[in-house]
Amino acid sequence: MEKQEQFAARLIGWYEKGHRDLPWRSAATAYEIWISEIMLQQTRAETVIPYYRRFLRLFPDVRSLAESRETDLLKAWEGLGYYSRARNLRRAAGIIMDEYGGQLPASVEKLRSLPGIGDYTAGAIASIAFGIPAPAVDGNFERVYCRFFGIEEEMDAGARRRLSQTAEGLVPKDRPGVFANAMMELGATICLPRSPKCAECPLCGSCRGRQRGDPEALPRKPEKKGQRVEQRCQMLVFGPEGVLVCQRQERLLQGLYVFPDKEGELTPEEMCAALEEAGISAAYEQMLGAARHVFTHIIWEMKIHALRLLAPVPAPEGAMWADAGALSALPMPTAVRAAKQLAIRRMGRG
Ligand code: SF4
């Protein structure tokens, strides 16, 4: 629970220190927030801004939208794509006029029943426009949450439902709207899908994904059929001149550097024996982390271990000892990025 409170407090503190100046952030009305949330579905904020401004000039309130001609509406939407969003807006505006006196209802369930409004959008409007502590779980939320709490579960439909329930407990009762905006902001600007900017992140100190060394592996997508899962053991051998890396010769990874690795889950004794075969005497130290990489037809589930070189030896043919600087500069496949980061971090500590 303590970690959950910390999570919300840090996030809000960071958001309030400064964030992107998006026009719907200063929006005063529920109508404007609704329009922005519908436009932002499947569409980037930078693309939405000019559409949002023009739309509000043409249709400044629920009534003008409900009474609009479909051709005018679609013209205003031209270029934004997913035109059913515009049609649903107009239908919903008609219902809001007929059933709610022209005001968006301040209720998650009632918002959810309007055309074009799903769980996420209902949660976002309810929290931002009405201060209702409802979760707004979209891809940004899912990514930040799974990384911060180190959720390893595959994000299928069932896992998403459970996440929505858990998310309710995360939303601070007194500041649900700021929290929703802060989650969106962090997911869109810092905790990016492929290359999260962890060093700039307010959650960095307690983030499990960051501690594991491979935050970009989370959230886990459901496995595609036909993919084989292979366990692999990555061995980081640290000596006085750095960590041992070997250059791959086979076609797939030709020219790239990797750490010594073996298929399977090896015991410490098996790792030492495998290294001995290559002329390296090492003692096992500890497991540093785990990582996962999805290739097209195969998934590597890797355990990353640290070993200490017992007697300094020249690197075997095709291999080298790399210190933190050299390692950062070497071309290495994405699959070993987590191991590389763990090695750099460890050598950085000396
Ligand atoms: S520390 Fe990195 S992975 Fe964790 S939440 Fe922040 S940006 Fe995302």
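1. The loop between α12 and β1 (228–239) contains P219. In this predicted model, the peptide bond that joins L218 and P219 is cis, with omega at about -5°. As background to this point and to the next, most peptide bonds are trans, and most residues other than glycine have a negative phi.

2. Q42 belongs to the loop between α2 and α3 (45–58). Q42 is exposed because 9 other C-beta atoms lie within 10 Å, and a residue counts as exposed at 12 or fewer.

3. The domain assignment divides the protein into domain 1 (2–216) and domain 2 (223–348). Taken over C-alpha atoms, the centres of domain 1 and domain 2 are separated by 41 Å. Contact between them involves 4 residues of domain 1 and 8 residues of domain 2. On the side of domain 1 that touches domain 2 there are 3 charged residues, 1 polar residue and no nonpolar ones.

4. The largest nonpolar core comprises 88 residues, and those with the most contacts inside it are I125, M183, L236, V237 and A339. Helix α2 (residues 30–40) gives the most to this core, namely 8 residues. Both domain 1 (2–216) and domain 2 (223–348) contribute at least three residues each to this core.

5. Leaving aside residues up to four places away in sequence, A339 touches Q234, L236, F259, A291 and I304.

6. Helix α8 (residues 119–130) consists of 12 residues and spans 16 Å from its first C-alpha to its last, close to the 16 Å expected at 1.5 Å a residue. Most of α8 is covered, with 9 of its 12 residues buried. The buried residues are T121, A122, G123, A124, I125, A126, S127, I128 and A129. Elements that cover them include α2, α7 (108–112) and α11 (176–189). Just after α8, G131 adopts a positive phi of about 65°.

7. Which residues come nearest to the ligand? They are C191, C198, C201, C207 and P215, out of 14 residues around the ligand. The shell comprises 11 nonpolar residues, 1 polar residue and 2 charged residues. At least two residues of the shell come from each of α9 (139–149) and α12 (208–212). The largest share, 3 residues, is supplied by α9.

8. Two further helical positions may be checked in the model. R160 is located in helix α10 (residues 157–170). R160 is partly exposed because 13 other C-beta atoms lie within 10 Å, and a residue is called exposed at 12 or fewer and buried at 20 or more. R160 and I95 are 65 residues apart along the chain, and their C-alpha atoms are separated by 30 Å.

9. The other position is S64, in helix α4 (residues 62–66). S64 also counts as partly exposed, on the basis of 13 C-beta neighbours inside 10 Å. In sequence S64 and G94 are 30 residues apart, while in space they are 9.9 Å apart, C-alpha to C-alpha.

How values were computed: Residues are numbered from 1 along each chain as its sequence is written. This is a predicted model: local features need pLDDT of at least 70, side-chain atom pairs count only at pLDDT 80 or more; totals for chains, interfaces and linings use all residues. A nonpolar core is a set of buried Ala, Val, Leu, Ile, Met, Phe, Trp, Tyr and Cys residues joined through C-beta atoms within 7 Å. Helices (H or I, at least four residues) and strands (E, at least two) are DSSP runs, numbered from the N terminus. Domain bounds come from an automatic or database domain assignment. Two residues are in contact if their C-beta atoms, placed from the backbone, lie within 7 Å. A residue is near a molecule or strand if its C-beta atom, placed from the backbone, lies within 6 Å of it. Ala, Val, Leu, Ile, Met, Phe, Trp, Tyr, Cys and Pro count as nonpolar, Asp, Glu, Lys and Arg as charged, and the others, Gly among them, as polar. The expected span of a helix is 1.5 Å times one less than its number of residues.
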